[in-house]
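Take a look at the chain shown below. The paragraphs after it lead you through its parts.

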Amino acid sequence: MANDTDRSRVMVNGVPLSKLGDKGMWFIYPFFGIHMLMFGLSGFLMAYSTNRPPLPFLYLHGGIAITVYLVFYRAIFGREEVRWMLINATLGLLGIYSQIGWILDKFGKDIHSYPWYMNITPVLYYVLYTFLLRQFLIDLTHCRDNTETRKLVNIVYVTCSLLVYGGMLWRA
C-alpha cells in the first residue's frame with residue numbers, strides 16, 4: 001500500500017488503514033472491485049445504448065465517480081502507484097480497442113460506429129479497473145516492498161496483458 005502517512009489518513013470502520021495490514025486488502029479490493037464494476041458497467045451501458053443519455057450527463061455521472069476513485073487511490077496506494085496508471089493507460093489503448101470492441105461485437109455493435117468522445121468514460125473506467133487489478137496482484141504476491149519480486153510481477157503483468165490484447169486483436 002502507500003506509505004504509512006498516506007494510509008493513516010484512510011479509515012475503515014474507524015481503524016486507520018495502516019493498522020489493518022493485509023486485512024485491509026480483503027476490504028479494499030472486493031469493495032472497490034464491485035463498486036467500480038457497477039459504476040463502470042452503468043457508464044458502459046449508458047455510453048453504448050441505443051437510447052443513451054445526453055453526453056453532459058454521461059460525463060457528469062462518470063466524472064464524479066472517477067474523480068472520487070482517484071482521490072481514494074492516491075490516499076490508499078500513494079502517488080507512485082497512481083503514476084503506474086499511465087502504464088496501464090498505455091496498455092489500455094490496446095486493451096480498450098480490443099476488449100471494448102470485442103464486447104460491443106457480442107451485442108452486434110461496432111466500436112467504430114461511436115464517436116471518440118463517447119468512449120471516454122468507458123476508457124477511464126477500464127484504466128481504473130486495470131490499475132486495481134495490478135494493485136491486487138502486488139498485494140497478493142506480497143511484493144510491495146520487495147523490489148526484485150515486484151519487477152517480476154510487473155513484467156508478468158505487462159506480458160500477460162499484451163498476450164491477451166494481442167490475441168483478442170488477432171481473433172478480430
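**A walk through the chain**

Start with Glu81, which sits in helix α5 (residues 79–106). Helices here are DSSP runs of H or I with at least four residues, strands are E runs of at least two, and both are numbered from the N terminus. The model is predicted: local features need pLDDT of at least 70, side-chain atom pairs count only at pLDDT 80 or more, and totals for chains, interfaces and linings use all residues. Residues are numbered from 1 along each chain as its sequence is written, and side-chain values use heavy atoms, with hydrogens and water left out.

Is Glu81 buried or exposed? Glu81 counts as buried because its relative accessible area is 5%. The cut-offs are these: buried is under 20% relative accessible area, exposed is over 50%, and partly exposed lies in between, with a 1.4 Å probe and protein chains only. Which residues does Glu81 touch, apart from those up to four places away in sequence? They are Phe131, Arg134, Gln135, Ile138, Arg144 and Arg150. Contact means heavy atoms within 4.5 Å. With Gln135, the side chain of Glu81 also makes a polar contact of 2.7 Å. A polar contact is a pair of N or O atoms within 3.5 Å; within protein, one must be able to donate a hydrogen and the other to accept it, and residues adjacent in sequence count only if both atoms are side-chain atoms.

Now step back to the whole chain. Seven helices and two strands make up its elements. Their order along the sequence is α-β-β-α-α-α-α-α-α. The chain has 172 residues, and 41% of them count as buried. Take the contacts with a separation of 6 or more: 73% of them join residues 24 or more positions apart.

Pro122 lies in helix α6. Its relative accessible area is 5%, so Pro122 is buried. Phe44 is 78 residues away along the chain, yet the two C-alpha atoms are 5.3 Å apart. Beyond its neighbours within four places in sequence, Pro122 is in contact with Gly43, Phe44, Ala47, Tyr48 and Ile100.

Helix α6 itself covers residues 120–140. The expected span is 1.5 Å times one less than the number of residues. After α6 comes His142, with a positive phi near 55 degrees.

Move on to helix α7, residues 147–171. It has 25 residues and reaches 36 Å from its first C-alpha to its last, close to the 36 Å expected. At its start, a side-chain oxygen of Asn146 comes within 3.3 Å of the backbone nitrogen of Glu148. Several α7 residues are buried, among them Arg150, Tyr157 and Met168. Asn154 counts as buried because its relative accessibility is 13%. Neighbours within four places in sequence aside, Asn154 is in contact with Trp84, Arg134 and Ile138.

Finish on the surface. The chain exposes about 10100 Å², and carbon and sulfur atoms supply 69% of that area. Leu60, in helix α4 (residues 55–77), is exposed because its relative accessible area is 53%.

Notes. Accessible areas come from the Shrake-Rupley method with a 1.4 Å probe; for residues, only the protein chains shown count as cover.
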